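Welcome, and thanks for taking a look at this one with me. Below are some notes to read with the structure open beside you.

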Amino acid sequence: MKRIEFLYPEFCYLYAEEYNMEYLGRCSSEIEILRTGHLETPKFVTEDVDMIYLGCTTEATQEYVIELLKPYTDKLKEHIEKGTVVFLTGNAIEIIGKSIKDEDRIIEALGIYDFTSERFMKRKRVNTQFVGRMGDDVIMGHMAKYSHMTGDITNPMIEITNGYGMNMESKIEGIHDHNLFATYSLGPFLILNPVFTKKILALLGLSDELLFEKEIMEAYEYRKTELMEKLK
Amino acid sequence: MKLRYYIALLLAKMSVIALKITKHNGTNFPGAVAVKICPQFLQYADKPKRIIGVTGTNGKTTSTNLICDVLEQAGLKVLSNRAGSNLNSGISTSLINGMNIFGKQKYETAVFEMDERSALKLYPYLKPDYLIVTNLARDSIGRNAHPEYIFNFLNNALKIVEDKTTLILNSDDPVSSNLGKGNKRIFMGMADCNANPFVNSSPDVSYCPDCGGKIRYNYRFYRSIGNFYCEDCSYSTPEAKYFAEDVDLKGGKFTVKEGDSRTEFPLLSNTVFNALNELALIGLLRELGFENEKIFDLLSNVKITDTRRESAVEYNGVQYCVYAAKGQLASSSSTIFEFMAKEESVKDLVLCMDEETSGTHPDETLTWMYEADYEFLNRDNIHKIIVCGHMCKNTKLRLLLAGIPEDKIVTVFNEHDAKYHVSREGIEKVYVLNEVDSVRRGFKVRDEIVEYFKGLDRNE
Ligand SMILES: [Zn+2]
C-alpha cells in the first residue's frame, strides 16, 4: 500500500482541492489516503508515508497551519531530501517560504525555501489562469489570491508560456525540489493536469493508468488548446 | 466639495430625463455619472429617513422584492434599487430618482439590496436602520473568496455603524449569525420542518470560528443552514426572538413565536429557503411596529417573485422547462441539482451552465464544478444529461466521477445541437439549465428543441 497523508482536510479543502486526494485515491487500489486533523500530530513525523499533501486555506487558518507545522520543519525537510512526494497547492506554497507580509505584520513561515510572500487584502483579488511547461509536459493552472511571491527561485515547477507566474511580473511558477511540487494554482489540479497526475503515480511506484483516462485526457487536450489560443 | 455634489446631481438628473426620452429606463447610468463626478455622492445625497438594507450570498433579490411589495401594500412609498444594481451606482441612481430637482428626497422609506463586497462603500453613508443578512455561503471563487473572508469584510463595515444599524440575522446560519457583535441583533430561528436536505460534499462551513471544533447539526434546512452547535465549545444557534414552529410547507402555513405569543401566518412559498426569507420579513415588520394581525393581512396579499423560477411549455405530453442556474457557483448549482433529483418526474437535463462569453473567463475553472454536487444527479429519474458548451468534456468527466453511467451522458460543443439528442420517449420533462446571466440562451435552446420536434412531426 502507498500511504498518502492529507494534512488538515477540515481546513485545507477550499476550492474543491480535496478532490485531488479523492481522484488520486480512486486511481489505484494501492493507495491509502490518511486524513490528519489539526488536533493530531502529523503522521510524517513518526511514521513512513509515501506522499504528503497540503492544500489551500483561508488567510487566518494559513497562519494557524504554520504554527501547527513549525515544530516539524526539520522532519519535513528530511522527507523532501529523501524523496518523499510532497504536493502543495494554492496558498500552502507560502508556508514553505521565509515569511508572509500582511501590511505591517510579518508572519514567520517554515523557512524551507528562500522566498517571501506578501498579502494585499485591500486590493482586488487576482483571478488568473495560466499555461506553462514542466519539462515536456504542458501544465495548466488557476490562481485566485490576494498575495504574491517574490524571491530568487532557482528551481521553479512551471515555466509560464501564457499568463502570469508567482507574481504579475514573473514567468515562473511554483517550486520543484526533489519530489516536492508546490504550486500557487488551486482547485483540483490533478484533474486539470492528468499528465502531472501520471507523474505522481509513477513516482509512487504505481501504474500510471488513470481513472477515466480517455475522458480526462480528452478534457485536458481540449482545454489546453483552448487556453493556449485565448490566454495572452 | 458640495458644489461638486450639486453639479453631479444636476447632470445625473439631466441624464435621467435623457434616458427617459430615449426609453432607456432602469439603468445605473445616472448614479454612475454622479459617483464619477462626486465620489462622495452617497454621503451628501439627501436620503430617506428610514433605510432598510438587505445583503447575504443567496436570496437578496427575492427578499428585497418581498419587503418592497409588503411595505407598498401597507401604503408606504418605498424607494428601492430593485430595478438596478446593488452597488454604489445602482443605489445612487435610486436616490437620484427619489430626489426632486432641488435635491430634496421625496421618499421616507428605502429598501436597498446591497452587494456584500460594497459594504464599506455603502454602510458608512447610508447608515441603514435595519440590515437583513440572509446568509453567508460560498460564492464564486473570483468574487468573494471564502465565507470567512466575506464575514470579516462585513463585520468590519458593521463596526462603523454599530450604534445605528440593527441586524436581522438568521440564527441557523453558523457564519452570518456571528456577525456584528457590537450591533443590536435580532435573531430569527425555525423549528425542524423535515426538509431532509442532501448532504453536500463541500459544505459552506465545517468548523467553529471560535475554537476550530467540528460543527454539528440537530437538524438542517439546506446546505450549512440549520440548528447547529460546536462539538467542542458553546458556539451554537443563538436564541431567536422570532421563532417559526409548526412549519407546514405543503399546507402553506407556519406559526411564529415571539415571547409568549404565537401567531399563524400564511407561507408564500413551499420552499424552506423562502420560508426563511419570509420569517426575516416578519421579524422586520414586527421591529417596525406592525401588529401581527396587520402582517397576516399583508402577507395574504403578496406573492414571492422568484426571477429564476422555471418556465414550461408543453408539447406532446412532455413539459419543456427552462430553469436558471448560477453556473460557476457551487452552492446554487448543488441546490438546483438537488431539486432536479427530488422533483420526481423522469427527465432529460440540458446543461448550458458554462460562461458563453469567453473561454478564458476567470471564473471558468474546474473549481466550482468539483464543489458542486453532481452526485445528486445520479438518480433513476434523471434519464439523460446533455452537456453543452466549451467545458462539456470536463463536465462529462465530472459526471462520470459522480457515478453517472456513461450511456446517460451526451456532450455537444454547440448548444444548438442539443435538440438532436433530447429523448422523445420515456420522459415527462426536459429541463434546460442555463446560466442565470444569459436567460435568453436557455429559452432559445428550449424553444429550438420544441420547434425541432414539431418539425419532425410535421414531416412524418
Ligand atoms: Zn467551538
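1. Let us begin with helix α2 of chain B, which covers residues 29-37. Five of its residues, Pro30(B), Gly31(B), Val33(B), Ala34(B) and Val35(B), are buried. What do these buried residues pack against? Their partners are three helices of chain B: α1 (2-21), α3 (41-44) and α5 (88-98). Please keep in mind as you read on that this is a predicted model.

2. Next, have a look at Val70(B), which sits in helix α4, residues 60-73 of chain B. Is Val70(B) buried or exposed? Val70(B) counts as buried because 24 C-beta neighbours lie inside 10 Å, and the cut-off for that label is 20 or more. Setting aside neighbours within four places in sequence, Val70(B) is in contact with Leu281(B), Leu298(B) and Val302(B).

3. Nine strands make up an open sheet with mixed pairing, and their order is β2-β3-β1-β4-β5-β6-β9-β10-β11. At the edges are β2 (78-80) and β11 (261-266) of chain B, each of which pairs on one side only. From one strand to the next, the twist averages 20°. As a reminder, strands of a sheet pair through backbone hydrogen bonds, in either a parallel or an antiparallel way.

4. Strand β9 (242-248) of chain B pairs with β10 (253-258) of chain B in the antiparallel sense, over four bridges; Asp248(B) has Lys253(B) in β10(B) as its bridge partner. β10(B) is also antiparallel to β11(B), and six bridges link these two strands.

5. Which helix lies across β9, β10 and β11 of chain B? That is α9, residues 272-287 of chain B, which also lies across β1 (50-55), β4 (130-133), β5 (166-170) and β6 (184-190) of chain B. α9(B) runs at about 140° to β6(B).

6. Stepping back to chain B as a whole, the domain assignment gives domain 1 as 45-299 and domain 2 as 311-455. The C-alpha centres of these two domains of chain B are 31 Å apart. Where they touch, 14 residues of domain 1 are in contact with 16 residues of domain 2. By class, the domain 1 side of this contact has four nonpolar, six polar and four charged residues.

7. Chain A is our next stop, with its eight helices and 14 strands. Its radius of gyration is 17 Å, which agrees with the value near 17 Å for a compact globule of 232 residues. Along the principal axes, the C-alpha atoms of chain A fill a box of roughly 50 × 45 × 30 Å. Buried residues account for 49% of the 232 residues in chain A. Of the contacts in chain A between residues at least 6 apart in sequence, 68% join residues at least 24 apart.

8. β14(A) runs parallel to strand β4 (85-89) of chain A, joined by four bridges, and Leu88(A) has Ala182(A) as its bridge partner. β14(A) also pairs with strand β13 (175-177) of chain A, this time in the antiparallel sense over three bridges. In that pairing, Ile175(A) stands opposite Ala182(A). β13(A) and β14(A) form a hairpin with two residues between them, and His178(A) in the turn has a positive phi of about 50°.

9. Finally, how do the two chains meet? In total, 25 residues of chain B are in contact with 30 residues of chain A. On the chain B side, the elements giving two or more residues are α7 (141-144), α8 (147-160), α12 (367-371) and α13 (392-401). Which of them gives the most? That is α13(B), with six residues. By class, the chain B side has 10 nonpolar, 11 polar and four charged residues.

Conventions. Residues numbered from 1 in each chain as written. Chains lettered and ligands numbered in written order. Predicted model: local features only at pLDDT ≥ 70, side-chain atom pairs only at ≥ 80, totals over all residues. Contact = placed C-beta atoms within 7 Å. Nonpolar A, V, L, I, M, F, W, Y, C, P; charged D, E, K, R; others polar. Rg over C-alpha atoms; globule rule 2.2 N^0.38 Å. Buried ≥ 20, exposed ≤ 12 C-beta atoms within 10 Å, placed from the backbone. Pairing = 2+ DSSP bridges. Axes fitted to C-alpha atoms, helices over the stretch in contact; angles between N-to-C directions. Domains from an automatic or database assignment.
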